[in-house]
Amino acid sequence: MASSTLGKRIVFTGGSGKAGRHVIPYLLSQGHKILNLDLVPLDHPDVYTMKTDLTHSGQVFNSLTSLFDMSEYGHPAPGPPQAPDAVIHFAAYARNMIVPDNETFAANVMSTYNVIEAACKLGVKKIVIASSETTYGVCFSQGDTDYHSFPLEEDYDVDPMDTYATSKLCGERTARSFARRFGVDIYALRIGNVIEPHEYERDFPGYVSKPATRKRNAWSYIDARDLGQICDLCVRKDGLGFQVFNATNDTITTKVPTVEFLKKECPGVEITREMGEWEAPLSNRKIREVLGFKDVHDWRKYVKV
């Protein structure tokens, strides 16, 4: 299982969205070159956006063999169209009720299938896809429901009842199938509630003072910049085949230590192992141990408790 240190040519889908506009600058800072596939441009001078409908497989195949910007027309002809070194797929309807449920499901599932299929058949050996915290079944549940157990880890029996989360589970299953068939690395990130830098001052005082409002996010989050680090670690870590990783920061978003808080807030939910004093209930233990993730943007750096 090798870790590559050289910059890669990466096709990134959905890079103009909330997460992508922070992840891409981090990837650029690590020496990678990015082509963004999106329906709206990313406002970044070093990233070209190709308008691409990912639900159309022909557009996906074509985009994955595209030049990365107009300047590359000046390069000597490389021969047959070249696939990228890696693909990171974030594009999706980001929640329920943006469009009708059937369109959420159809677009999210087909775009993920098309991206994975094209990448694998073009010989791409590293694919990273965005799954979601919602797969753990509480975020978009109808009414007040409880988690099965804590911590929420990657072997949890995910059983969501909503369309968006179900579409993400279909993406995970598609990834597993193609990783097995083609012998490639496909890592699915169950991404927590994405927090941008300006949201700490605006939102976290309310989160901390009213913790009941964060149950649907399992009192966890991911800083958008730290998500960039996670994507970079995924690109560099080879040989793991299909994997699911929770993509969250280290700590719970409360003023009370984790186990004490969970026993009070969710008294009927089992805690299945010893947890760190402030460990996030949506635990990132796997990315810390397997990928070497280091939490840089802990919320307590930006919010007075």
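This is a predicted model: local features need pLDDT of at least 70, side-chain atom pairs count only at pLDDT 80 or more; totals for chains, interfaces and linings use all residues.
**Exercise 1.** Determine how much accessible surface the protein has, and what share of its residues is buried.

*Solution.* Begin with the surface, which comes to about 14,000 Å², with 52% of this area belonging to carbon and sulfur atoms. Then turn to the interior: with buried taken as under 20% relative accessible area, 54% of the 305 residues fall into that class.

**Exercise 2.** Decide whether the radius of gyration agrees or disagrees with that of a compact globule.

*Solution.* For 305 residues the globule rule gives a value near 19 Å, and because the protein has 19 Å, the two agree. Next, consider the extent along the principal axes, where the C-alpha atoms fill a box of roughly 65 × 40 × 35 Å. Finally, look at the contacts between residues at least 6 apart in sequence, of which 73% join residues at least 24 apart.

**Exercise 3.** Identify the elements that build the largest nonpolar core, and describe the surroundings of isoleucine 88.

*Solution.* The largest core holds 32 residues, and among those touching the most other members are Phe12, Ile88, Phe90 and Leu189. Elements that each supply at least two residues to this core include the strands β1 (9-13), β4 (86-89) and β7 (185-191), together with the helices α1 (20-29) and α6 (224-236); α6 gives the most, with seven residues. Beyond its neighbours within four places in sequence, isoleucine 88 is in contact with residues including Ile10, Phe12, Leu27, Val128 and Val235. A second, separate core of 24 residues includes Leu35, Leu54, Ala91 and Ile129.

Methods:
Residues are numbered from 1 along each chain as its sequence is written. Side-chain values use heavy atoms; hydrogens and water are left out. The radius of gyration is taken over C-alpha atoms; the globule rule is 2.2 Å times the number of residues to the power 0.38. Buried means under 20% relative accessible area, exposed over 50%, partly exposed in between (1.4 Å probe, protein chains only). Contact means heavy atoms within 4.5 Å. Accessible areas come from the Shrake-Rupley method with a 1.4 Å probe; for residues, only the protein chains shown count as cover. A nonpolar core is a set of buried Ala, Val, Leu, Ile, Met, Phe, Trp, Tyr and Cys residues joined through side-chain atoms within 4.5 Å. Helices (H or I, at least four residues) and strands (E, at least two) are DSSP runs, numbered from the N terminus.
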